[in-house]
Amino acid sequence: VNYASAAEVRCGAEHCITCSDEAVAMEVLELDGERELALCQGEDGLRASVEIALVAPVAPGDVLLVHAGTAIAIATAAEARR
Amino acid sequence: MRFVDEFRDAELGRALAGEILSLVEPGRHYKFMEVCGGHTHSIYKYGVDDLLPANVELVHGPGCPVCVIPMGRVDDGIALARQPGVIFTCFGDMLRVPGSNGSLLDAKAAGADVRMVYSPLDALRIAKANPDREVVFFAIGFETTAPSTALTLKRARAEGVSNFSCMCSHVTIVPPLRALMESPDLRLDGFIGPGHVCTVVGARPFEFIPADYGRPVVIAGFEPLDILQAIAMILKQLRDGRCEVENEYTRVVPWEGNLRALEVMAEVFELRAHFEWRGLGFISHSGLRLSDAYAELDAERRFSVPGVRVADPKACQCGEVLKGVIKPWECKVFGTACTPERPIGTCMVSSEGACAAYYNFGRFAREREVV
């Protein structure tokens with residue numbers, strides 16, 4: 001996303017990155033255990049390195065809720081609990 | 001993607017809308033507040049309010065972290081950004097928030113080194129790449145964002161990054177809600193609770209709403225079906241004469257929250273005695289600062305910051321919008337002098353601000369209605 005102009009900020013910010021509260025669901029593709037990071041992919045196909053210290057351990061295929069680059073919950077956890 | 005698509009199913013949405021219609025008492029007016037800006041955004045984006053009966057009204061709450069930052073705080077950020085040798089980093093939305101004399105974007109245009117980041121970790125990366133510069137991260141957000149900042153500060157200390165500091169403007173959600181409940185000009189029948197704040201703090205902090213104020217709370221996710229389901233659950237509580245905190249968003253919100261996140265926050269932050277909120281004024285114990293143990297990473301202690309209080313612009317009614325007293329389109333400057341391209345008030349800046357969400361999605365529906 002190019003944040004060069006105000007209009008683009010608005011259009012690009014489908015989910016606001018400062019999101020008061022909104023987090024984004026992303027699926028874990030690969031783990032980098034040493035740095036406590038995971039390579040994840042969102043529904044829009046974009047990939048990002050995500051901090052997993054708050055939810056570790058996670059496994060590839062888990063769906064994480066990611067907020068400002070940090071996973072705050074594992075969506076699959078509730079399913080696993082059931 | 002799993003956990004997303006199934007919560008946007010149109011058939012189920014229509015069925016839920018029918019259920020909501022069967023739950024409302026004709027002749028009674030219901031006013032529910034969605035606390036969080038993420039919900040406001042989803043409601044306008046998916047047209048959730050069009051599926052509701054006319055006597056169910058949704059009121060937007062104070063849960064947009066950009067919208068609640070007062071002008072004085074923006075001025076402090078700009079003063080820091082102008083210091084020689086400083087690289088000032090913040091989230092994109094914060095760049096356009098007007099201070100008393102321009103925004104961070106204006107400061108950047110005038111030569112200050114202001115950079116947008118997606119996460120606090122990006123700011124730390126910039127600090128490591130520029131060891132001869134001071135890198136300041138402007139941290140804003142509720143309990144959803146605070147753990148991310150806390151982890152980054154811990155990482156900065158562990159890795160010995162001495163040119164990194166944080167101007168902490170994190171806020172907590174419960175004190176402003178209590179302030180709203182005490183406000184005489186607002187009568188609410190129930191709350192749609194902020195789902196992702198609750199993944200961190202859990203559901204327990206919201207128990208004061210039913211206990212002290214007798215209003216139901218349903219913690220909800222952000223897909224359209226989540227919001228409709230939450231409204232149906234609040235209506236059921238009202239019909240049955242119950243009043244409690246319920247969790248619609250069980251797929252991610254554990255009752256007790258994320259204990260690891262709460263632990264890092266407790267280690268890195270402490271409550272400020274007071275914090276100023278745009279439109280709401282000073283609220284006790286509602287903001288976070290770095291704890292004494294992390295004092296050396298606190299930009300406000302490392303640099304001198306003016307800390308001047310600046311009154312909101314007279315034309316701007318963000319305060320009333322944040323309290324849900326008026327709707328965005330009832331503001332005098334909405335869509336004319338104040339637009340997302342040239343915002344006067346903060347609610348028009350962030351995509352989760354009620355005014356921007358309404359400007360981008362809702363106004364078209366209203367135009368149809370008015371015509």
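Which residue just after α6(B) takes a positive phi? The answer is G160(B), with a phi of about 65 degrees. The model described here is predicted.

## Helix α6 of chain B

Helix α6 of chain B covers residues 146-158 and has 13 residues. From its first C-alpha to its last, the helix reaches 18 Å. That is close to the 18 Å expected at 1.5 Å a residue.

How much of α6(B) is buried? Of its 13 residues, 10 are buried, so the helix is largely enclosed by the rest of the structure. The buried stretch includes A146(B), P147(B), S148(B) and T149(B). A150(B), L151(B), T152(B) and L153(B) are buried too. R155(B) and A156(B) complete the list.

T145(B) sits in the loop between β5 (134-141) and α6 of chain B. Its relative accessibility is 0%, so T145(B) counts as buried. The side chain of T145(B) also makes a polar contact of 3.0 Å with the side chain of H67(A).

## Nonpolar cores

The largest nonpolar core has 115 residues. F88(B) and F164(B) have the most contacts inside this core.

What does F164(B) touch, leaving aside its neighbours within four places in sequence? Its contacts include three residues of the helix, T152(B), L153(B) and A156(B). F164(B) is also in contact with P120(B), A123(B), L124(B) and A127(B). V135(B), F137(B), L297(B) and R302(B) are contacts as well.

Conventions
Residues numbered from 1 in each chain as written. Chains lettered and ligands numbered in written order. Predicted model: local features only at pLDDT ≥ 70, side-chain atom pairs only at ≥ 80, totals over all residues. Heavy atoms only, no water. Core = buried A, V, L, I, M, F, W, Y, C linked by side-chain atoms within 4.5 Å. Buried < 20%, exposed > 50% of the residue type's maximum accessible area, 1.4 Å probe, protein only. Contact = heavy atoms within 4.5 Å. Helix = DSSP H or I, 4+ residues; strand = E, 2+ residues; numbered from the N terminus. Expected span 1.5 Å × (residues − 1). Polar contact = N/O pair within 3.5 Å; in protein donor to acceptor, adjacent residues only side chain to side chain.
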